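Q: I would like to learn how to read salt bridges in a protein model. Can we work through a case together?

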Amino acid sequence: MIFFPFILAVVSFLLSVLYKPFESNTDALSEQTASPPRFLLLTAHPDDECFFFAPTILALQRSSSSPEIFSLCLSSGNADGIGERRKGELVHSLDILGVEKDKRWIIDHPQLQDNITQQWDAEIIAEVLRPFVVEHHITSVLTFDTKGISLHPNHFSLPLGASYLIKSLSSSPHTSVPRLFSLVTVPVLPKYAGLPSAILARLGIVSQTYLAFEPTVHSLPVFISGIPDYLITVKAILAHDSQMVWFRYLYMTFSRYMWVNEWVEFKAQEA
């Protein structure tokens, strides 16, 4: 019992630290772009938006720059023959995450089907992506990196396809060219460190602040969810009822991506 007040104080402190969201150098996502910025979240399957990108989606909606947020999912997730059901689940999830109905689309292309063994063709991705980027004057595309968080080949195809499009647009006169950012894949241990990972990410940013390090364009933009955001993310994941097998609950408990998103600009030479 002598340690109870100490334990209570520690728990109260941690809850107060974790309650509010935290960000660092997030303006780097929208520098050199129009005002307000127009972000397109590019995903491969229904549920990617909440399993991996929710901290960013929720944080951008609070941004003082009042960005417009668009979502484009390149497949219906029909690997198990339930693509139509998964489309409905994606609609519900994006409702919860706050993406407006007229700013989200899902594609069902014969050569972009959910397949855990197939890498998608970059030219086809670019062809499908082009009208959404051009017609909606997208300033930044947000997607996976070349490790795809989970090494899913559909995931790591996306930055290659988006990069292919950006190189194509760069050679077209009178066409604005968006920037491309990829979500950083972290090693396995921090990937499944969950809450401690979020605390360490906050401490890392705070320590930089106290050491008077100024963020630069080379610093990683970081979004860290607070407890209310985490609960919204859980609700969005639960909207994907067809995917809720036992390990999804472990993911919600232990995944860093429930709490932390770190971004890096994807350069053409990475492709």
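A: Start with one residue. In this predicted model, D229 is buried, with a relative accessible area of 7%. The cut-off for buried is under 20%, so D229 falls in that class.

Q: Which residue forms a salt bridge with D229?

A: Look for a side-chain nitrogen of Lys or Arg within 4 Å of a carboxyl oxygen of Asp or Glu. Here the partner of D229 is R62, and the closest N and O atoms are 2.9 Å apart. R62 sits in the loop between helix 3 (54–60) and strand 3 (68–73), while D229 belongs to helix 10 (residues 227–238), so the pair ties together parts 167 residues apart in sequence. R62 is partly exposed, at 40% relative accessible area.

Q: Are D47 and R86 buried or exposed?

A: Both D47 and R86 are buried. Their side chains meet in a salt bridge, 2.9 Å from N to O. D47 lies in the loop between strand 2 (38–43) and helix 2 (48–51), and R86 lies in helix 4 (residues 83–97), so this pair ties together parts 39 residues apart in sequence.

Q: What is the N to O distance between R104 and D95?

A: The distance is 2.6 Å, and the two side chains form a salt bridge. R104 is buried, with a relative accessible area of 12%. D95 is partly exposed, at 34%.

Q: Which residues are linked in a network of salt bridges?

A: R38, E68, E100 and K103 form such a network.

Q: How many salt bridges does the structure hold?

A: The count is 13.

Conventions. Residues numbered from 1 in each chain as written. Predicted model: local features only at pLDDT ≥ 70, side-chain atom pairs only at ≥ 80, totals over all residues. Heavy atoms only, no water. Helix = DSSP H or I, 4+ residues; strand = E, 2+ residues; numbered from the N terminus. Buried < 20%, exposed > 50% of the residue type's maximum accessible area, 1.4 Å probe, protein only.
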